[in-house]
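Reader: I would like to go through this model with the criteria stated as we use them. Please show the sequence and the structure, and then take my questions one at a time.

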Amino acid sequence: MLQLLYDNYEKHQLKKFMQADDITYLKQAIANSRKSKEQGNFPAGAIVVNDGKILASEISSPYPGLFHADSKAVTQAFKNAGVLTGATLYIGLESCLMCIGVAYWSGLRRIVYAVPKTKVSGSYYETPQDTNKLLQTFNEKLETTHITELEQEALKVIKEWEKQHES
Ligand SMILES: [Zn+2]
């Protein structure tokens, strides 16, 4: 009984520790989103982390284009470190299907984001529909984590960008 309590406590502490890390890294991805916006690009920024080491840190290339921040970060991390087993992708705005595909084929199995696609225009994606069900059918599980604490901070950058691009 005591052992069980202790195990649960350990897991709880570990989870808290991981969440603190997630928040730190996700904040860096959001800072990249801001940087991307300030350079006139779509407000997406991403970083890839493995074992506490940042393997890549990227912003979007000019829109419209193939080079989304998340695809760029994963590609750069792959170039630096090879197959990304155990790595995590941090991105302000939930990834599109292309970037999820790039992440999957890099060997990465965890994506952490702040803003779900349902909170922004569906035109930013291939489809406005929720693609989480599709993820659940992948041969190997790709875990996605939504950090609600940072949603407003990340959404703010997107709203500012939208305001600048209103016609
Ligand atoms: Zn994308």
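Reader: Leaving aside neighbours within four places in sequence, which residues is Val48 in contact with?
Author: This is a predicted model, in which local features need pLDDT of at least 70, side-chain atom pairs count only at pLDDT 80 or more, and totals for chains, interfaces and linings use all residues. Residues are numbered from 1 along each chain as its sequence is written. Two residues are in contact if their C-beta atoms, placed from the backbone, lie within 7 Å. On that criterion the partners of Val48 are Leu55, Ala56, Ala73, Val74, Ala77, Leu84, Ala87 and Leu89.

Reader: How many residues has the largest nonpolar core?
Author: A nonpolar core is a set of buried Ala, Val, Leu, Ile, Met, Phe, Trp, Tyr and Cys residues joined through C-beta atoms within 7 Å. Buried means 20 or more other C-beta atoms within 10 Å of the residue's own, exposed means 12 or fewer, and partly exposed lies in between, with C-beta atoms placed from the backbone. Val48, Leu89, Tyr90 and Ile91 have the most contacts inside the largest core. The number of residues in that core is 37.

Reader: Which pattern does the protein follow along the sequence?
Author: Helices (H or I, at least four residues) and strands (E, at least two) are DSSP runs, numbered from the N terminus. The protein has five helices and five strands. Read in sequence order, they give α-β-β-α-β-α-β-α-β-α.

Reader: What is the order of the strands in the open sheet?
Author: Two strands pair if DSSP finds at least two bridges between them. Strand 4 and strand 5 pair in the parallel sense over four bridges, while strand 1 and strand 2 run antiparallel and are joined by six bridges. The pairing in the sheet is mixed, and the five strands come in the order 2-1-3-4-5.

Reader: In strand 5, which residue is the bridge partner of Val112?
Author: The pairing concerned is that of strand 4 and strand 5, which is parallel and has four bridges. The bridge partner of Val112 in strand 5 is Thr145.

Reader: What angle does the direction of helix 5 make with that of strand 4?
Author: Helix 5 packs on the sheet and touches strand 3 and strand 4. Axes are lines fitted to C-alpha atoms, for helices over the stretch in contact, and angles run from 0 to 180 degrees between N-to-C directions. For helix 5 and strand 4 the angle is about 70°.

Reader: What value does phi of Asp51 take, and is the residue buried or exposed?
Author: Asp51 is in the loop between strand 1 and strand 2, a hairpin with two residues between the strands. Its phi is positive, although the residue is not glycine, and lies near 55°. With 8 C-beta neighbours inside 10 Å, Asp51 counts as exposed.

Reader: Why are the buried residues of helix 3 on the same side of the helix?
Author: The buried residues of helix 3 are Cys99, Ile100, Val102, Ala103 and Ser106. Helix 2, strand 3 and strand 4 are among the elements that cover them. The arc is that of the directions from the helix axis to the C-beta atoms. The residues share a side of helix 3 because their arc around the axis is only 160°.

Reader: Is Lys37 buried or exposed?
Author: Lys37 is found in helix 1. Not counting residues up to four places away in sequence, Lys37 touches Pro43, Val157, Glu160 and Trp161. Because Lys37 has 20 C-beta neighbours inside 10 Å, the residue counts as buried.

Reader: How many C-beta neighbours has Tyr63 inside 10 Å?
Author: Tyr63 is in the loop between strand 2 and helix 2. Beyond four places in sequence, Tyr63 is in contact with Asn41 and Phe42. Tyr63 counts as partly exposed, and its number of C-beta neighbours is 14.
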